[in-house]
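Please open the model in your viewer and keep the selection panel at hand. The tour moves from one selection to the next and says what is to be found at each.

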Amino acid sequence: MKFWLLTTEYPPFFGGGIATYAGLTAQLFSDYGHEVTVIVYDEQAQGRKELVIEGIRVIRFSSLWDSHLMLGYPAQLSYAYAKIVEDLIVREGPPDLIESQEYLGIAAHLLQRKRTLDPLFVNIPVIITAHNPKFLLDPIDRAPTYQFPDYWTGELERFSLRAADGVISPSAFLGTALTHSLPDLSVEVIPNPYRVPPQPAKTSRQERLLYVGRLQLFKGILDLLEALVPLWNDGFTWPLDIVGHDSPYYPKATSFKSYIETRYQPYLRKGLIRLHPAISPEELRAFYAQAGCVILPSRFDNLPYVLLEAMSYECVVVATQSGGQKEVIIDGESGFLCQAEHLGRTIKRATELSLDQQATMGHQARTRVASWTDPESIYEKKMDYIRSLLHGEQPRSFPVIRATPSSELIPVSKQGHLSIVIPFYNLGPYLLETLDSLMQLPSSLNKEIIVVDDGSTDGVSIATLRKAARTYPDTTIYRTPNQGLARARNFGASKATGTFLAFLDADDKVDPRYYPRAIKILQHYDNVSFVGCWAQYFGVDHHIWPTWNPEPPYALFHNPLNTSALVYLRDHFLAYGQNDPEMEYGMEDYESLIRMLSHGCHGVAIPEPYFFYRVRPHSMSREFNQANQQYLYRLIVQKNRTLYMQYADELFFLFNANGPQYSVDNPTVPPPLMGAWH
């Protein structure tokens, strides 16, 4: 089997839990004869480098950034992973399986391409092995959860979990947390593999406590210190070694290390707290060999490798019950488990064990880990799960993160031709170029083109319409009194006879691959009513605007899709999405999208720049100002009040974190008015 693993950490270039998992998993699959490729982002790689480590191909990359693509990190990172995979597929064919972490959503772009039926990706099974997603950890860390790009990183993670063919959780604890956050998500619990190292020939257990891990709230480092202070004040003499990377302490706008150095300065001076940076595995083994007790005080945790390492080195471990550690530790036999509020009492109990009791508990801990994480047993469980996925059919429902409640949608046919409606008003210099782009569509695409002249007045435009009638015989031109863009679109839709309906402004263009791909998506999925794509600007700007599957709450905060050029199931547009003429200054297409969402119509974004949006100095969108935008947004909310009320709290958080939505254009970058936290 050709097995490709996407990861943000891989030894020896990185340490940490993800690196430990990736290294062990890659080696395990390689040992069983599979052809393993590891793809890892590494900013030290200076480009793209391939090397072989113990029979495993490792691809390190650092420079797949497109300056014209308006993506921030980590959305750009996800895009880069997909490009690496694309290059490999083109060069050597597809793998049999791709596995990725969920953390940072690095597989989101790849999965978006797969689920929008990209032929390069559609038939490749993709599984996600969860570690600790940011969207679960950030609220516990009191991080800026709703500020961009942090919020969007969580959305990428959620989509990765929803869109994968299978999801593995190393602990039932994390599996339950994932299904609570994403109802109906199917999660398979398979522990991470771990090879118990040889027991050190000599240990020298000392009266020392050890914490190993990143300094973060969710890891419980402050809970641990608060539990120890009363003990130290009461004469307890065991010092605490803290080993791990520093992190931001958001509530105090400082780092954890700085906060600890300030708040606990008396205990640092007495040598009761000793801060150490992250160290090598060899150095860490010496800490394990000397520790009288290892503490894991997490408020939330998956199944940390620190726990497995400490238990495998026969340390006495005290851990909170808020994580997968309660699935491995048998309280009082292979370690101690407690509620966070009883941490101090349990530490005291652990440190009062005799040397014989320590040795017995340490031996039982090592035996427990060896049985729980046996690589060969875990490999067989994982392969059984993979085999169950390899021949599964492409699902008929697109993986939405949050389905909008609705009454039953009207049934529609999925067979028939495409109607392309072009609203036109005094855009004579551009219309023929737009029609020329439609002439490049595949001849197999059955279509009709409808131009709605909304009462054009200038001579050039009227002459252009006459020329279009002569030059493009498959084009029907209707002339109406000037009534505005919304009514022109609705009129064209009423004249359309196709099963599928596309709108295209008279100065824009489309890639010939757009409409066939959109129709294929509409035909394949039972829950998709409209399709968009990324927008390539041309004219006075040449950036690419990435668009997104429109889901609340973000879709209610800011328009996520190229709504002037969508492809619809025509009957769903006529029933639920006709443009509202009251939106006289613009955003009529955006309000239409929200109204369709409120009726349970879902949309999809093809992550390719198939729509060419002309940027003109005096276009309608260039006439937006704060006054008319505030007015239009007010109308949108008033017209879709029920849906906005459903997401009122989250919308409040988004506004509070990012400022007004008319100042935001991209959820993957920090908001321009608020500043970044990192």
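In the loop between which two strands is Glu-54 found? Select Glu-54 and you will see that the loop lies between E3 and strand E4 (56–61), where helices (H or I, at least four residues) and strands (E, at least two) are DSSP runs, numbered from the N terminus. The model is a predicted one, in which local features need pLDDT of at least 70 and side-chain atom pairs count only at pLDDT 80 or more, while totals for chains, interfaces and linings use all residues. Residues are numbered from 1 along each chain as its sequence is written, and side-chain values use heavy atoms, with hydrogens and water left out.

Glu-54 has a positive phi of about 50 degrees, although it is not a glycine, and it counts as exposed at 63% relative accessibility; buried means under 20% relative accessible area, exposed over 50%, and partly exposed in between (1.4 Å probe, protein chains only). Select next Gln-46, in the loop between strand E2 (35–41) and strand E3 (48–53), whose phi, near 55 degrees, is likewise positive in a residue other than glycine. Gln-46 counts as exposed, at 68% relative accessibility.

Two cis peptide bonds can be visited next. One joins Pro-11 and Pro-12, with omega about 5 degrees, and Pro-12 is found in the loop between strand E1 (2–7) and helix H1 (17–31). Another joins Phe-148 and Pro-149, with omega about 5 degrees, and Pro-149 is found in the loop between H4 and H5.

Now select helix H3 (residues 108–115) together with helix H5 (residues 150–163), which pack at an angle of about 45 degrees with their axes 9 Å apart; axes are lines fitted to C-alpha atoms, for helices over the stretch in contact, and angles run from 0 to 180 degrees between N-to-C directions. That angle makes H3 oblique to H5, since angles under 35 degrees count as roughly parallel, over 145 as roughly antiparallel, 65 to 115 as roughly perpendicular and the rest as oblique. The contact (heavy atoms within 4.5 Å) is made by Ala-108, Leu-111, Gln-112 and Arg-115 of H3 and by Leu-156, Phe-159, Ser-160 and Ala-163 of H5.

Move on to helix H11 (residues 305–312), which is mostly covered, with eight of its eight residues buried. Just after H11, Glu-314 takes a positive phi of about 60 degrees.

Within helix H14 (residues 355–372), pick out Gln-358, which is buried, with a relative accessible area of 11%. Not counting residues up to four places away in sequence, Gln-358 touches Arg-205, Val-316 and Leu-353.

Finally, select Ile-422, Leu-438 and Tyr-515, which touch the most other members among the 138 residues of the largest nonpolar core, a nonpolar core being a set of buried Ala, Val, Leu, Ile, Met, Phe, Trp, Tyr and Cys residues joined through side-chain atoms within 4.5 Å. Helix H2 (residues 75–92) gives the most to this core, with 10 residues.
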